[in-house]
Amino acid sequence: MRILFASFASVLLAACNLSPMYGGGGSGVVAQSLAAIDVAPIKGRAGWLVRSALEERFGAAGQASPRYRLEVRLDDQLEGLAVLRDDTISRERRILRARYQLVDLATGDIVLDATDGSDAGIDVVSSEYATIAAERSALENLSRDLAQRIVTRVALALRDDR
């Protein structure tokens, strides 16, 4: 019964024209397009973290001469959430938002213009060092998460553009 169901499901999926986005591995069309993206410098510590994560993911397929440029503007906010009776903050929220454009270097056309973001909650404890460490750790995690979201969105745009 399972074999019959698996066969039926594979026939249905083939009829839908589904194909893996990263088909062909590192030599596939999407992977090669991602390798041809130059990430413009991004301001601030968050910018450095996001740019490093993006370059790491784009360069996974190897090196290629730049065909696209990714321009990213970040908005990094840290806000207090929970205020105790003595007016001290017991919880913070770090928000990292990005507006980004993928530009075709040959034509100057904007292939993708999008926004994305991520946020994290941080407990504020009595140790200032621990709170600062938690804020930095949250920024590092948010930067990696945001970079992955951007890469996924860019890969979809490049796949659809082909």
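This briefing describes the fold of one protein chain. The model is predicted: local features need pLDDT of at least 70, side-chain atom pairs count only at pLDDT 80 or more, and totals for chains, interfaces and linings use all residues. Residues are numbered from 1 along each chain as its sequence is written, and side-chain values use heavy atoms, with hydrogens and water left out.

**Overall make-up**
- The protein has four helices and four strands; helices (H or I, at least four residues) and strands (E, at least two) are DSSP runs numbered from the N terminus.
- Along the sequence, these elements follow the pattern α-α-β-α-β-β-β-α.

**The sheet**
- Four strands make an open sheet with mixed pairing, in the order S1-S2-S3-S4; two strands pair if DSSP finds at least two bridges between them.
- Strand S1 (37-39) and strand S4 (110-123) are the edge strands, each pairing on one side only.
- On average, neighbouring strands of this sheet are turned by 25° against each other, direction ignored.
- Strands S2 (residues 68-83) and S3 (residues 89-104) run antiparallel and are joined by 15 bridges.
- Ala-82 stands opposite Arg-91 in S3.

**Helix and sheet**
- Helix H3 (residues 44-58) lies across S1, S2 and S3 and runs at about 130° to S2.
- Axes are lines fitted to C-alpha atoms, for helices over the stretch in contact, and angles run from 0 to 180 degrees between N-to-C directions.

**Contacts and burial**
- Of the contacts (heavy atoms within 4.5 Å) in the protein with a separation of 6 or more, 64% come from residues 24 or more positions apart.
- Of the 162 residues, 31% count as buried, meaning under 20% relative accessible area (1.4 Å probe, protein chains only).

Conventions:
Buried < 20%, exposed > 50% of the residue type's maximum accessible area, 1.4 Å probe, protein only.
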